[in-house]
Amino acid sequence: MLEKLKDILGKVNEEIDMATVTEETRLIEDLGLDSLSIMLFAMEIEAAFGFRFTEPVRFVTVGDVCAFLADKV
């Protein structure tokens, strides 16, 4: 799951050093994602995993996204 999310993050922001991304990596503080990047990240996740976010979800870390997706897919 983490590797797939790294691929998605690379599409959203090519400047992210994927070698430093772990489940503890914070999306905003560590990766510098802004509101537009977060929206693009969500859209890429939907496309990659074949589902739609139906309610607002607040992810802080990459691990939060992994845990959410583990429940959905």
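In helix H1 (residues 2-12), the buried positions are Leu5, Lys6, Ile8, Leu9 and Val12, where buried means under 20% relative accessible area and exposed over 50%, with partly exposed in between (1.4 Å probe, protein chains only). Because these residues cover an arc of only 165 degrees around the axis, they sit on the same side of H1; the arc is that of the directions from the helix axis to the C-beta atoms. Glu3, Asp7 and Lys11 are exposed on the other side of H1. Helices here (H or I, at least four residues) are DSSP runs, numbered from the N terminus.

This is a predicted model, with local features needing pLDDT of at least 70 and side-chain atom pairs counting only at pLDDT 80 or more, while totals for chains, interfaces and linings use all residues. Residues are numbered from 1 along each chain as its sequence is written, and side-chain values use heavy atoms, leaving out hydrogens and water.

What do the buried residues of H1 pack against? Their partners are H2 and helix H3 (62-72). Phe41, leaving aside its neighbours within four places in sequence, is in contact (heavy atoms within 4.5 Å) with Leu5, Ile8, Leu9, Val12, Leu27 and Val65.

Methods:
Helix = DSSP H or I, 4+ residues; strand = E, 2+ residues; numbered from the N terminus.
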